[in-house]
Amino acid sequence: MVLLGTLVNGLCIIIGSLIGKFLSRIPEKMKSTVMQGISLVVMVLGLQMGFKSENFLIVILSIVIGAVLGEWWQLEEKLNSLGLWLEKKMGASHKGNISQGFVTATLIFVIGAMAIIGALDSGIRGDHQVLFTKAVIDGFTALILTTTLGIGVMLSFVPVVLYQGIIALFATQIDRIVPEELMVMFINEITATGGIMIFAIGLNLSGMIKIRVANLLPGILVATVIVTGIFLFKQYL
């Protein structure tokens, strides 16, 4: 089943969030320290991913152009508006909880090498091990995030399932469309670009600074376009 890994990932996020909701009485100092620990881990993960690039100029251009597009399209504002709309529909009593939880969790769970590579493995080889591993990590992270940011974290399972599911379904045919060399370039540069965003998320979680990470998301698309352009240029040299 091509979508098995993706569905397990979504289920773990739901389960982790529900458990976290019942553990909301965890002492604030403990939650704060745990969140700071997670932020440090997320930042280190982002750095590791960032160093995957074979051509860092691609990453720089992707982030810069992506930031311009993201601010132009106001993605952060639209994601927050979606979260606030969901909050009203669910009758939340604390304004901002669902919005913040939804946006933060979505960015953490969707952006990253494991989401892309895991979905590709599921589609191309029917191997779900990467997504199973990601599911465990996401479930634990969802548990901790929910104790601090609220039940909005659980709603992030929707974009996660859609995003990874689309990649997995596309990957079933990708080897007929995309050359292997281009796929390697895609994974390296998209992973590195996503790593910068993951690092920014870690900074946000630490409370050190507030970066509009959602407005950097177009950088993933920009990296794809640049890598494709370089590959085609080399082919016609």
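These questions and answers set terms against values in a predicted model.

Residues are numbered from 1 along each chain as its sequence is written, and side-chain values use heavy atoms, without hydrogens and water. In this predicted model, local features need pLDDT of at least 70 and side-chain atom pairs pLDDT 80 or more, while totals for chains, interfaces and linings use all residues.

Me: Why are α1 and α7 called roughly parallel?
Reply: Angles under 35 degrees between N-to-C directions count as roughly parallel. The axes of α1 (residues 4–22) and α7 cross at roughly 20°. Therefore α1 and α7 are roughly parallel to each other.

Me: Which hand does the crossing of α1 and α7 have?
Reply: Right-handed. In such a crossing the near helix is turned clockwise from the far one by less than a right angle.

Me: What makes up the contact of α1 with α7?
Reply: Its residues divide into 10 nonpolar, nine polar and three charged. Among them are I13 of α1 and A142 of α7. Contact means heavy atoms within 4.5 Å.

Me: Why is Q74 called partly exposed?
Reply: Buried means under 20% relative accessible area, exposed over 50%, and partly exposed in between, with a 1.4 Å probe and protein chains only. Q74 has 43%, so Q74 is partly exposed. Q74 is found in the loop between α3 and α4 (75–90).

Me: What makes a set of residues a nonpolar core?
Reply: Its members are buried Ala, Val, Leu, Ile, Met, Phe, Trp, Tyr and Cys residues, joined through side-chain atoms within 4.5 Å. The largest nonpolar core here has 36 residues. F109 is one of those with the most contacts inside it. The largest share of this core, eight residues, comes from α5.

How values were computed:
Helices (H or I, at least four residues) and strands (E, at least two) are DSSP runs, numbered from the N terminus. Axes are lines fitted to C-alpha atoms, for helices over the stretch in contact, and angles run from 0 to 180 degrees between N-to-C directions. Angles under 35 degrees count as roughly parallel, over 145 as roughly antiparallel, 65 to 115 as roughly perpendicular and the rest as oblique. Ala, Val, Leu, Ile, Met, Phe, Trp, Tyr, Cys and Pro count as nonpolar, Asp, Glu, Lys and Arg as charged, and the others, Gly among them, as polar.
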